[in-house]
Amino acid sequence: MSDIQTLMDMGFPKEKAERALEVTNHKGVEQAMEWLLAHADEPLPPTGAGGDNPSTGGDAAPESSNSTTEAGEEDTPVAKSLKCDECGKLFKSQEEVEFHAAKTQHGSFSESTEEKKPLTEEEKKAQLALLEDKMKRKRQEREENEKKEAMERERLRIKSGKDMLEARRRMEEQEMKKLMDQRRREKLETQQARDRVRLQIESDRAARKAKDGGEPVAVSPTSTTATPPPAAPTSTTSPKPATEAKSYTTAKIALRMMDGSQLVQTFQAGEQLAAVRLFVQLKMEAPDTGFGLMTNFPKRVFSDEEYDMPLDKLGLVPNAVLIVTKAP
């Protein structure tokens, strides 16, 4: 709000408000208000005044005419102010009347011979106190509005932060679900591959036994693999199969993050090293940060090709410690 509008809201005419700001060099509403109260009874200087003074220019009128005019002026009452017929308030200028009408919606005014009395010092002080109180209330209202706006902005900021955290949580859940689905598929494919290999080994072993015993090998109509008949008991003792190495189905991986924290996660032994890398990426604050994986002792930095290899082939079962390093 401009200073002129503030002064007009306080009840001063627009012309006087502009004059007060001009006289005080636009130093603020308070100085302009003090000037207005000090010169409340002084009329504004006329604008556009000019031309010859009728009292000094032209030919002198006949003395009889002057006497008649002066006598007529004495008989006719002179309007010294304008009066509101609805509230009885007196005004000195048309500007004050217009402002009062706009503010109170009063529409009936007439000329009055009463003269608007100048404000006394007590009235000026009282009016100044009222204006200062009004300015104080406006300032408090403005501060309260600014406080409410700040609280609303903070509420929106908090809500936006919560929405971002919720969106990130949903994204992490989706990524973990994709990872678990991928692990299930890989586990199923690995189990199926192991079953095929085991069946092939058993079939080859039966075929060798049948060949060593000299017996014909029965061929299944639904398979090209020969199925030997039951071997006849022999007196010779069959050699004992070699003890097979213990196989692990899981790999417990301890991960040392770049910020010093440590994570422990169990993976399937047949899962690729890329699954470990995806797990680390989901746990990092900045998922786009490049990183690599390495062992501590003996030191081994995994290459891009090794991320496609299963954990058991890389010697990371049943337990292993991996260090997360910055990308070169």
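Buried residues are those with under 20% relative accessible area. The views below all show a predicted model.

**Figure 1. Strand 8 is mostly covered in the predicted model.**

**Figure 2. Strand 8 pairs with strand 10 and with strand 9.** Strand 10, residues 319-326, runs antiparallel to strand 8 and is joined to it by 5 bridges. Strand 9, formed by residues 300-301, is likewise antiparallel to strand 8, with 2 bridges between them. Thr 295 takes part in both pairings: Leu 322 stands opposite Thr 295 in strand 10, and Arg 300 is the bridge partner of Thr 295 in strand 9.

**Figure 3. Phe 91 is a buried residue of strand 2.** Strand 2 consists of residues 90-91. The relative accessible area of Phe 91 is 4%, which is under 20%, so the residue counts as buried. With residues up to four places away in sequence left out, Phe 91 touches Ser 81, Leu 82, Cys 84, Glu 96, Val 97, His 100, Phe 109 and Lys 116. One of these contacts, Phe 109, lies 18 residues from Phe 91 along the chain. The C-alpha atoms of Phe 91 and Phe 109 are 9.9 Å apart.

**Figure 4. Phe 267 and Phe 279 form an edge-to-face aromatic pair.** The count of aromatic pairs in the model is 1. The ring centres of Phe 267 and Phe 279 are separated by 6.0 Å and the ring planes meet at 85°; because this angle is over 60 degrees, the arrangement is edge-to-face. The pair links distant parts of the chain, 12 residues apart: Phe 267 belongs to strand 7 (residues 262-268) and Phe 279 to helix 7 (residues 273-283). Phe 267 is buried, with a relative accessible area of 1%, and Phe 279 is also buried, at 5% relative accessibility.

**Figure 5. Arg 277 lies over the face of Tyr 307.** The distance from Arg 277 to the ring centre of Tyr 307 is 4.1 Å.

Definitions and conventions:
Residues numbered from 1 in each chain as written. Predicted model: local features only at pLDDT ≥ 70, side-chain atom pairs only at ≥ 80, totals over all residues. Heavy atoms only, no water. Buried < 20%, exposed > 50% of the residue type's maximum accessible area, 1.4 Å probe, protein only. Helix = DSSP H or I, 4+ residues; strand = E, 2+ residues; numbered from the N terminus. Pairing = 2+ DSSP bridges. Contact = heavy atoms within 4.5 Å. Phe/Tyr/Trp six-rings, centres within 6.5 Å; stacked < 30°, edge-to-face > 60°. Lys NZ or Arg CZ within 6 Å of the ring centre and 35° of its normal.
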